[in-house]
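Please read the points below with the sequence and the model side by side, and look up each residue as it is named.

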Amino acid sequence: VKLGMQKIVEAFNKSSDGKKYKLNLQFITSGTGTQSLSDRIVAAKKANQTDTDYDLILVSDAEYSAYVQEGGSDIFEKYDKDKIPNLDNVKTQIAAGEGVLVPYRGTTVVLAYDSTKVKTPPTTAEELYQWIKDNPGKFAYNTPGSGGAGGSFVQTAIYNFLPDEAMNSSDEKWKSQWSEGFDLLADLNDSMYKSGGKVVYPNKNQGTLDLLVNGEVEMIPAWADMLITNLANGTLPDTVKMTQITPGFTGNVDTLAIPSIGSNKEGAEAVMNFMLTKEAQQILLDNMAAIPVIDSSELSSENSKYLEGLKIDSFRTASIGNLGTELNEEWDQKIGTLAQ
C-alpha cells in the first residue's frame with residue numbers, strides 16, 4: 001500500500017492539479033504501540049481541532065460506521081460532486097457513506113486453492129463446508145483477530161444465517177443470532193489443518209498462505225490482491241488459483257474521505273478526482289494489484305490476467321462497526337479454545 005501510494009503521490013504532483021496543490025503522504029503503521037489513524041482522527045475531532053494536516057485519508061467502507069460511532073456523524077466532510085467529475089466512471093457501489101466516501105479500489109477475500117490437487121473447487125458456501133469435512137486437515141483459516149482473510153471466513157459463516165441488512169449494521173441485537181454460525185464453525189473445527197495431531201489456526205493472513213505454498217493444505221481464504229501480488233512476483237506458483245463462492249466472502253471497497261478536522265477540502269477533492277483517472281487506476285493495478293473501480297477493460301497490465309473471473313459488482317462488503325471486535329473475541333472463546 002505504501003509503495004503504491006508513493007507512486008500515486010508522484011503522479012498527482014506531476015499532473016495539472018499538482019501545480020495548485022502538493023500531495024504529501026503520511027503512512028501510519030498499525031500494531032506498533034502508537035495511536036492508530038482512527039484514534040488520531042477521533043481524538044482531534046473531540047478536541048475540536050479544525051486545521052490539521054489530515055486533509056484526506058484512506059478508509060474502507062467497512063470502517064466508516066466505526067468512525068461515525070466514535071467521532072459523530074460530522075467527522076467527515078461531504079464532497080462536492082461537481083469537483084469530482086470522474087465519479088461518473090465508477091462501476092462499484094459502497095456499503096455506507098454515500099456522499100462522503102469516494103471508492104478508489106476494491107478488495108475481497110476469495111478461495112485460493114492448489115489446482116494440482118483440487119480439480120473442481122467449491123462454488124457455494126455449502127459446497128465449501130462439505131469439502132472441508134470430506135478433506136480433513138486440508139483447509140486452514142487464520143485467527144480472525146490476526147488478519148482479514150480469516151476474519152472474513154468467520155464473519156461469512158456467521159452472517160450467512162442472518163438477514164442481509166445485518167451485514168452492514170452495528171446494532172447489538174444481531175449478537176443474539178450468532179449462535180447458529182458459531183455452531184457451524186465448531187462443527188468444522190476438527191476438520192481443520194492439524195500439526196502434531198492438534199488443530200492449528202495460523203497467525204495472520206500470511207500464515208495460511210505459507211501453508212498453501214508448502215503443500216500442507218490445499219485450500220484457504222485469502223485476499224485477492226495479496227494473491228495477485230504473490231503470483232505476479234513469483235512467490236506463489238501459478239498452480240495456485242482463486243475463485244469466488246456464492247454467497248461470497250466479505251471484502252471491502254477501499255475509499256477516500258475528507259476529515260472535518262482537515263484544512264484543504266479543495267485539494268482533497270482534486271486528489272479524489274485524480275484517483276479515478278485511468279492513470280491512477282493503472283498505477284494501483286500495477287503496484288498494488290488493486291481491483292479497479294472503473295471499467296477494467298480500459299486498463300492493460302500483467303496483473304489484469306489474474307482479475308479474470310473476479311466480479312467486483314458481486315463483492316460482499318461488511319460494515320458492522322465494533323461488533324467486529326466482539327465477534328473476534330467470541331471466536332477466541334468459543335472456537336480458538338477448541339484447538340488447545
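1. A glutamate in a helix. Glu330 lies in helix α12, where helices (H or I, at least four residues) and strands (E, at least two) are DSSP runs, numbered from the N terminus. At 17% relative accessibility, Glu330 counts as buried, a word that here means under 20% relative accessible area, with exposed meaning over 50% and partly exposed in between (1.4 Å probe, protein chains only). Leaving aside neighbours within four places in sequence, Glu330 is in contact with Trp178, Phe182 and Ile335, contact meaning heavy atoms within 4.5 Å.

2. How the values should be read. This is a predicted model, in which local features need pLDDT of at least 70 and side-chain atom pairs count only at pLDDT 80 or more, while totals for chains, interfaces and linings use all residues. Residues are numbered from 1 along each chain as its sequence is written, and side-chain values use heavy atoms, with hydrogens and water left out.

3. The partner of Glu330. Side chains of opposite charge can pair when their charged atoms come close. Glu330 forms a salt bridge with Lys334, with 2.8 Å between the closest N and O atoms; a salt bridge is a side-chain nitrogen of Lys or Arg within 4 Å of a carboxyl oxygen of Asp or Glu. Both residues lie in helix α12, four residues apart, which is about one turn of the helix. Whereas Glu330 is buried, Lys334 is partly exposed, at 40% relative accessibility.

4. Eleven salt bridges are found in a search of the whole structure. In one of them the side chains of Asp187 and Lys133 meet, at 2.6 Å from N to O. Asp187 belongs to helix α6 (residues 179-189) and Lys133 to helix α4 (residues 125-134), so this pair ties together parts that are 54 residues apart in sequence. Asp187 is partly exposed, with a relative accessible area of 44%, and Lys133 is also partly exposed, at 36%. Glu326 forms a further salt bridge, with Lys175, in which the closest N and O atoms are 2.6 Å apart. This pair, too, links distant parts of the chain, since Glu326 is in helix α12 (residues 323-334) and Lys175 is in the loop between α5 (148-159) and α6, 151 residues apart. Lys175 is partly exposed, with a relative accessible area of 31%.

5. A buried residue in a loop. Which residues does Ile75 touch, not counting those up to four places away in sequence? Ile75 lies in the loop between α3 (61-71) and β2 (76-77), and it is buried, with a relative accessible area of 1%. Its contacts are Ile41, Val42, Lys45, Tyr67, Val68, Ile258, Pro259 and Ser260.

6. The packing of α1 and α9. Two packed helices are described by the angle between their axes and the distance between the axes. The axes of helix α1 (residues 2-14) and helix α9 (residues 265-275) come within 11 Å and cross at roughly 110°; axes are lines fitted to C-alpha atoms, for helices over the stretch in contact, and angles run from 0 to 180 degrees between N-to-C directions. That makes α1 roughly perpendicular to α9 (angles under 35 degrees count as roughly parallel, over 145 as roughly antiparallel, 65 to 115 as roughly perpendicular and the rest as oblique). Met5, Ile8, Ala11 and Phe12 of α1 make the contact with Ala270, Val271, Phe274 and Met275 of α9.

7. The packing of α7 and α8. Helix α7 (residues 204-213) and helix α8 (residues 224-232) pack at an angle of about 50°, and their axes are 12 Å apart. That makes α7 oblique to α8. Asn205, Gln206 and Leu209 of α7 meet Met226, Leu227 and Asn230 of α8 in this contact.

8. The buried residues of α7 are Asn205, Gly207, Thr208, Leu209, Leu211 and Leu212. Their cover includes β3 (102-114), α5, β6 (219-223), α8 and β7 (240-243). Just after α7, Gly215 takes a positive phi of about 80°.
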